[in-house]
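Colleague: I have a few questions about this model. Can we take them one at a time?

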Amino acid sequence: MKRLILALALAALPVVAAQAQTYPEARRIVAIGGPVTELIFALGAGDRVIARDTTSTYPEEVNALPDVGYMRQLSAEGVLSVDPDLIVTRDTAGPLEALDQLRAAAIPMVEVHDGFSPEAVIAAMRRVGTALGLPEEGEALARQAEADFAELARRTAGGPVARVMFVLSNQGGRLNVAGAGTGADGLITLAGGENVMAAEFQGYKILSDEAIIAAAPDVIVMMERTGTAALDQMRGGVMELPAVRLTPAGRNDALLRVPGAALGFGPRTAAFAQDLHARFVAAVQ
């Protein structure tokens, strides 16, 4: 009997912990991570956000808020300087020392899993909705996302429509390309493409000319042009590289650009992927 009571008590612990992470009274929220910030606004709680990190640029009004720094290079002092009563962050924020200092300051913190899948997007909607005392709004977003991802799955059910290479940057003619375990890989897969380097490596890697030619992508995808004119010119020069010109993408000048937010897996992910799928189809016809 004692073992049964202990087992029931232990089983209840995760539920209690999950219920404890509800802060409907929070009115001074620091949002860390672009998808997290966008989600809070989508829930209708944007007026409760008083600061954000550098990666949070959508919706437009968030740019008027104080910037506490890049999400992976936070300082506890910078976050605490805006006097938050809640921190909502992606679980890849850092450094660890800064997060430990924030926890030691007894500021409530809700961490959202940084995953590149529909399941991660939907779970974040429910988690943040509950955390902000808006479970019905979170559930409504989650149900709409489930429907949107189901429609996307229907459209892409026939298998990959294009072999795709995602280029993060062009470093003097050497391409930094996405492998598995990246937001780019997740987006390409969702959109019905095949990431040509997913089976080769994790993360990002500089490719040799031989590897680019052998990969033979039908389409090259890059982020939309931002920053200085020199950086834009460098990115635009990708399609002129000799190795790229020897691929189907190069021969057909098949370069597609996506917003940086499309790699973050937030509330607009299904829409980004649906749009990219349509452009994959058009590019290979």
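Colleague: Where is Thr 247 found?
Modeller: This is a predicted model, so every answer here rests on computed values. Look between helix 10 (242-245) and helix 11 (248-251). Thr 247 is in the loop between helix 10 and helix 11.

Colleague: Does Thr 247 count as buried or exposed?
Modeller: Leave aside its neighbours within four places in sequence, and Thr 247 is in contact with Ile 212, Ile 213, Ala 216 and Pro 217. Its relative accessibility is 1%. Buried means under 20%. So Thr 247 counts as buried.

Colleague: How does Tyr 204 count, at 33% relative accessibility?
Modeller: Tyr 204 is found in strand 8 (residues 204-206). A value of 33% falls in between, so Tyr 204 counts as partly exposed.

Colleague: How far apart in space are Tyr 204 and Phe 166, C-alpha to C-alpha?
Modeller: In sequence they are 38 residues apart. Yet Tyr 204 is in contact with Phe 166, and also with residues including Leu 168, Asn 176 and Val 177. From C-alpha to C-alpha, Tyr 204 and Phe 166 are 9.6 Å apart.

Colleague: Why is helix 2 described as largely enclosed by the rest of the structure?
Modeller: Helix 2 spans 34-42. Its buried residues pack against strands 1, 2, 3 and 4, and against helix 5 and helix 6. Among those buried are Pro 35, Glu 38 and Phe 41. Helix 2 is largely enclosed because its buried residues number eight of the nine.

Colleague: Which residue just after helix 2 takes a positive phi?
Modeller: Look past the end of helix 2. The phi there is about 85 degrees. The residue is Gly 44.

Colleague: Which element gives the largest share of the lining of the largest cavity?
Modeller: One cavity of 30 Å³ or more is counted, and the largest cavity holds about 100 Å³ of space. It is lined by 15 residues, with Pro 35, Val 112, Ala 124, Phe 265 and Gly 266 nearest its centre. Helix 2 and helix 5 (118-131) are the elements that give two or more residues to this lining. The largest share, five residues, comes from helix 5.

Colleague: Which element gives the most to the lining of the largest pocket?
Modeller: The largest pocket has about 710 Å³ of space. Of its 31 lining residues, Pro 35, Thr 55, Gly 260, Ala 261 and Gly 264 are the closest to its centre. Helix 2, helix 7 and helix 12 each give two or more residues. With three residues, the most comes from helix 2.

Colleague: At what angle do helix 7 and helix 12 cross?
Modeller: Two packed helices are described by the angle and the distance between their axes. Helix 7 (residues 183-190) and helix 12 (residues 269-284) have axes that come within 8 Å. The crossing is right-handed. Its angle is roughly 65 degrees.

Colleague: How many charged residues are in the contact of helix 7 with helix 12?
Modeller: On the helix 7 side are Leu 187, Ile 188 and Leu 190. They meet Thr 269, Phe 272, Ala 273, Leu 276 and Phe 280 in helix 12. By class, seven are nonpolar and one is polar, and the number of charged residues is: no charged residues.

Terms used:
Residues numbered from 1 in each chain as written. Predicted model: local features only at pLDDT ≥ 70, side-chain atom pairs only at ≥ 80, totals over all residues. Heavy atoms only, no water. Axes fitted to C-alpha atoms, helices over the stretch in contact; angles between N-to-C directions. Helix = DSSP H or I, 4+ residues; strand = E, 2+ residues; numbered from the N terminus. Left-handed = near helix turned anticlockwise from the far one by under 90°. Contact = heavy atoms within 4.5 Å. Nonpolar A, V, L, I, M, F, W, Y, C, P; charged D, E, K, R; others polar. 1 Å grid on protein atoms, 1.4 Å probe; cavity = no way out; pocket = protein on both sides within 12 Å on 5 of 7 lines; lining within 4 Å. Points joined across faces, edges and corners; volume = space filled by probe spheres on them. Buried < 20%, exposed > 50% of the residue type's maximum accessible area, 1.4 Å probe, protein only.
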